[in-house]
Amino acid sequence: MLLQHSSPQAMANGETVMASAEIPATPELVLAALVTDEVERWWGSADTYRMTGWTADLRVGGYWSVTVRTAGGMRLPASGRFLEVETPRRVVQTRIYNWDHPTLGRHETTVAYLLEPVGGGTRLTICHGGFAGFADAAAEHADGWARVLGWLQGYLDAGRRVAA
């Protein structure tokens, strides 16, 4: 049975962002797309930004980093540590922008990826917390996660994933 995925959904309550989408791939493939250098193949678009220079040590306490290259050519680094790694069902990591983000500054947040097998694919739920006192940043990140989940759906749905 093929997964009939719906549009990604995302919302923020001022402190936490929740986003969810059904992705037409196994949890293992979805997780690989999220936490390996595969992010450079799909995360972003020519008119927004692209992810470059992804590195990650996928283990509890392991470090990850990436550079966001904007459409205007700016290079904006981000990084964090993995807090929980239960592949392929759950990964929790910290995230900090290593530059002065307009609505979040250099405030550290926590992103949890929760993956659940569903008929023909995976339900991916993202819980992005740590926005207390940064309601504008939470709303902005909700919009961003909906966009990112749409990119991920399109990437894996089109079968463009190349084995790493």
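In what order do the eight strands of the open sheet lie? In this predicted model, the order is E1-E2-E8-E7-E6-E5-E4-E3, and the pairing is antiparallel. Select strand E1 (9–12) and strand E3 (49–56) to find the edges of the sheet, where each of these strands pairs on one side only. Neighbouring strands of the sheet are turned against each other by 20° on average, with direction ignored.

Next, select residues 90–97 and 109–118, which are strands E6 and E7, and follow the six bridges over which they pair in the antiparallel sense. Within this pairing, Val-92 has Ala-112 in E7 as its bridge partner.

Helix H1 (residues 27–35) touches strands E2, E3, E5, E6, E7 and E8, and its direction makes about 160° with that of E7. Helix H3 (residues 135–157) touches E1, E2, E3, E6, E7 and E8, while its direction makes about 15° with that of E2.

Finally, turn to the aromatic rings, for which the count comes to seven pairs. Select Tyr-49 and Trp-151, an edge-to-face pair with 5.6 Å centre to centre and 80° between the planes. This pair links distant parts of the chain, with Tyr-49 in strand E3 and Trp-151 in helix H3, 102 residues apart. Are these two residues buried or exposed? Tyr-49 is buried because its relative accessible area of 18% is under the 20% cut-off, and Trp-151, at 18% relative accessibility, also counts as buried.

Notes. Residues are numbered from 1 along each chain as its sequence is written. This is a predicted model: local features need pLDDT of at least 70, side-chain atom pairs count only at pLDDT 80 or more; totals for chains, interfaces and linings use all residues. Side-chain values use heavy atoms; hydrogens and water are left out. Two strands pair if DSSP finds at least two bridges between them. Helices (H or I, at least four residues) and strands (E, at least two) are DSSP runs, numbered from the N terminus. Axes are lines fitted to C-alpha atoms, for helices over the stretch in contact, and angles run from 0 to 180 degrees between N-to-C directions. Contact means heavy atoms within 4.5 Å. Rings of Phe, Tyr and Trp (its six-membered ring) pair if their centres lie within 6.5 Å; planes under 30 degrees apart count as stacked, over 60 as edge-to-face and the rest as tilted. Buried means under 20% relative accessible area, exposed over 50%, partly exposed in between (1.4 Å probe, protein chains only).
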